[in-house]
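Here is a short briefing on one protein model. Look at the sequence and the fold, then work through the points below.

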Amino acid sequence: MGWLESIHLLSSEEKIKKLIEELPEHFETLLKDKNIERIEILGDAFLPTSVAVILYWCTNVLPTKTKVGLLLAEHLREMGMVNHSVWQSKLTM
């Protein structure tokens with residue numbers, strides 16, 4: 001079963017740019033977890049102070065806020081406002 005964890009950060013443009021530069025080096029470590037399918041950083045197309053880190057999970061564990069996601073959200077909270085949520089597909093077409 002696949003689901004995703006979304007950590008959305010609202011911060012300053014400078015902090016977002018620095019984050020985008022620094023995060024990929026941490027992704028290599030995170031991707032060693034066989035249950036993480038992939039990680040994406042999404043930037044709001046119209047708001048340069050908004051970014052989301054998406055963790056795509058492929059596991060039989062029920063969707064939940066993971067230890068990895070909670071630690072990442074806590075780290076990002078130092079940079080601005082954070083919303084941490086978990087999503088699963090209800091319909092695919």
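Which strands does helix 2 lie across? Helix 2 lies across strand 1, strand 3 and strand 4, and runs at about 10° to strand 1. The model is predicted: local features need pLDDT of at least 70, side-chain atom pairs count only at pLDDT 80 or more, and totals for chains, interfaces and linings use all residues. Residues are numbered from 1 along each chain as its sequence is written, and side-chain values use heavy atoms, with hydrogens and water left out.

- Four strands form an open sheet in the order 2-3-1-4, and the pairing is antiparallel.
- The edge strands are strand 2 and strand 4 (81-88), and each pairs on one side only.
- Neighbouring strands of this sheet are turned by 15° against each other on average, direction ignored.
- Helices (H or I, at least four residues) and strands (E, at least two) are DSSP runs, numbered from the N terminus.
- Two strands count as paired if DSSP finds at least two bridges between them.
- Strand 2 (residues 36-43) pairs with strand 3 (residues 50-58) in the antiparallel sense, over seven bridges.
- Six residues sit between strand 2 and strand 3, and the two strands form a hairpin.
- Strand 3 also pairs with strand 1 in the antiparallel sense, over nine bridges.
- I54 in strand 3 stands opposite E40. I54 also stands opposite S6.
- In a regular strand, side chains alternate between the two faces of the sheet.

**The helices on the sheet**

- Helix 1 lies across strand 1, strand 2 and strand 3. Helix 1 runs at about 175° to strand 2.
- Axes are lines fitted to C-alpha atoms, for helices over the stretch in contact; angles run from 0 to 180 degrees between N-to-C directions.
- Contact means heavy atoms within 4.5 Å.

**Two buried residues**

- Buried means under 20% relative accessible area, exposed means over 50%, and partly exposed is in between (1.4 Å probe, protein chains only).
- I16 lies in helix 1. At 5% relative accessibility, I16 counts as buried.
- Which residues does I16 contact, leaving aside its neighbours within four places in sequence? They are L9, S11, P48, T49 and V51.
- I16 and T49 are 33 residues apart along the chain, yet their C-alpha atoms are separated by 6.5 Å.
- S6 lies in strand 1. S6 is buried too, at 11% relative accessibility.
- Not counting residues up to four places away in sequence, S6 touches A52, V53, I54, N83, H84, S85 and W87.

**Salt bridges**

- How many salt bridges does a search of the whole structure find? The search finds four.
- A salt bridge is a side-chain nitrogen of Lys or Arg within 4 Å of a carboxyl oxygen of Asp or Glu.
- E22 is partly exposed, with a relative accessible area of 32%.
- E74 forms a salt bridge with R77, and the closest N and O atoms are 3.2 Å apart. They are three residues apart in helix 2 (residues 67-77), so about one helical turn separates them. E74 is partly exposed at 48% relative accessibility. R77 is partly exposed at 41%.
- R38 forms a salt bridge with E40, with the closest N and O atoms 3.6 Å apart. R38 is partly exposed, with a relative accessible area of 37%. E40 is partly exposed as well, at 27%.
- E37, R38 and E40 are linked in a network of salt bridges.

**A nonpolar surface patch**

- L10, L47 and M81 form a nonpolar patch on the surface, with about 270 Å² of accessible area together.
- Patches are made of residues with over 30% relative accessible area and no salt bridge; like charges are joined within 9 Å, and nonpolar side chains (Val, Leu, Ile, Met, Phe, Trp, Tyr) within 5 Å.
- Accessible areas come from the Shrake-Rupley method with a 1.4 Å probe, and for residues only the protein chains shown count as cover.
- L10 is placed in strand 1 (residues 2-10). L10 is partly exposed, at 33% relative accessibility.
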